[in-house]
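Okay, everyone, thanks for coming.

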Amino acid sequence: MQDSVTYLIAGHRLRVSGMQEVSLLDSMPGFPLFVDASATDGQWKVAFGQEVLRPKQWTLLYEYTGPEGSPWCFARTDEACYFMMQHTEPGIAPLLMCYDGGDTVVATHAFSPSVMRFALWMATGMLAAANKMVLIHSSVVVHHGRAVLVLGESGTGKSTHTRLWMSHIPDTHLLNDDSPAVVIENGVPMVYGSPWSGKTHCYHTACFPLAAAVRLSQAPHNHIRRLGTLEAFTALEPSFPPALMRDERLTDKFIPTIGDIISSVPVFHLECLPDADAAQTSCAAIFGTLS
């Protein structure tokens, strides 16, 4: 049984070690597609099964209820940031992860597949911050070879909107339905598929140049407008990893990525219904054509 595996995610090699965790990942939808069997190492490393001590004092930055109802928190000391997920049953050791700003994240064992998936998403987000890459909360469609990020809070209708694109806009397909990777390559925002796609099993290693980002809000009509610079920043920022954006040092690394996106492509706000006209309205605004 393997004790490590290397994934190629958005052009970056991520080496994951820990026999128990590698076995879990091998059985999860999505991850096997991203395995780089030829690689013996990675530029980023996530080492599970390590001893990680919780600091006596840390500054709590974010709390949430994650997979399986597991309470989790994100915190920082002067030296490092920490991510902890606790089991809902007492007596089971929590997952505790530590990142000190280098190329390695160390963590204790993950206690379930869903916790493992989420912990690796958090670890990748931390490692990516300094490398012009972000795992952004979005559903993304590709039309005529260019990607459109559909943004919004959970329940806003991102997946519904991208399904409407696929049903009513020719030459459109889904790249990812929850957490694509946006990478700035030579100043150009590129959108990659990732192993994290929410409830929709849509996993692709392909990448496409970003055409636009659209933030949705529900309304009794369909109306789209292009946002100015400040509004565009405000539209993008909530879709960046919320816990990591509470960490000032990580935020300082993410902000240039937001700047590169809004200086390169238009950002829109779409007030919309869940209908075909909403998809046609956003497509026409971005591409100027429905064909």
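Let's start with Ser139, which is buried, at a relative accessible area of 0%. Buried here means under 20% relative accessible area, exposed means over 50%, and partly exposed is in between, using a 1.4 Å probe and protein chains only. Before I go on: this is a predicted model, where local features need pLDDT of at least 70 and side-chain atom pairs count only at pLDDT 80 or more, while totals for chains, interfaces and linings use all residues. Residues are numbered from 1 along each chain as its sequence is written, and side-chain values use heavy atoms, with hydrogens and water left out.

Back to Ser139, then, which sits in strand β10, residues 139–143. Helices and strands are DSSP runs numbered from the N terminus: H or I of at least four residues for helices, E of at least two for strands. What does the side chain of Ser139 pair up with? That would be the side chain of Asp177, in a polar contact of 2.6 Å. A polar contact is a pair of N or O atoms within 3.5 Å; within protein, one must be able to donate a hydrogen and the other to accept it, and residues adjacent in sequence count only if both atoms are side-chain atoms. Leaving aside residues up to four places away in sequence, Ser139 also touches, among others, Val148, Lys158, Thr162 and Leu174. Contact means heavy atoms within 4.5 Å.

Now Thr156, in the loop between β11 (146–151) and α3 (158–168). Thr156 is buried as well, with a relative accessible area of 15%. Its side chain reaches the backbone oxygen of Glu153 at 2.6 Å. Not counting residues up to four places away in sequence, Thr156 touches Leu216, Ser217 and Gln218.

Axes are lines fitted to C-alpha atoms, for helices over the stretch in contact, and angles run from 0 to 180 degrees between N-to-C directions. For the cut-offs, under 35 degrees is roughly parallel, over 145 roughly antiparallel, 65 to 115 roughly perpendicular, and the rest oblique. On the α3 side the contact is made by His161, Leu164, Trp165 and His168, and the α6 residues include Ala276, Gln280, Cys283 and Phe287.

Past α3, in the loop between α3 and β12 (172–176), there's Asp171. Its phi is near 55°, a positive value in a residue other than glycine. Most residues other than glycine have a negative phi. Ala10 also has phi near 55°, and Ala10 is in the loop between β1 (4–9) and β2 (12–17). Ala10 is buried, with a relative accessible area of 4%.

Last stop: Gly228, in the loop between β16 (223–226) and α4 (229–236). Is Gly228 buried or partly exposed? Partly exposed, at 36% relative accessible area. From there we go into α4, whose axis comes within 10 Å of that of helix α5 (residues 248–264), crossing at roughly 125°. That makes α4 oblique to α5. The α4 residues in this contact are Thr229, Ala232, Phe233 and Leu236, meeting Ile255, Ile258, Ile261 and Ile262 of α5.
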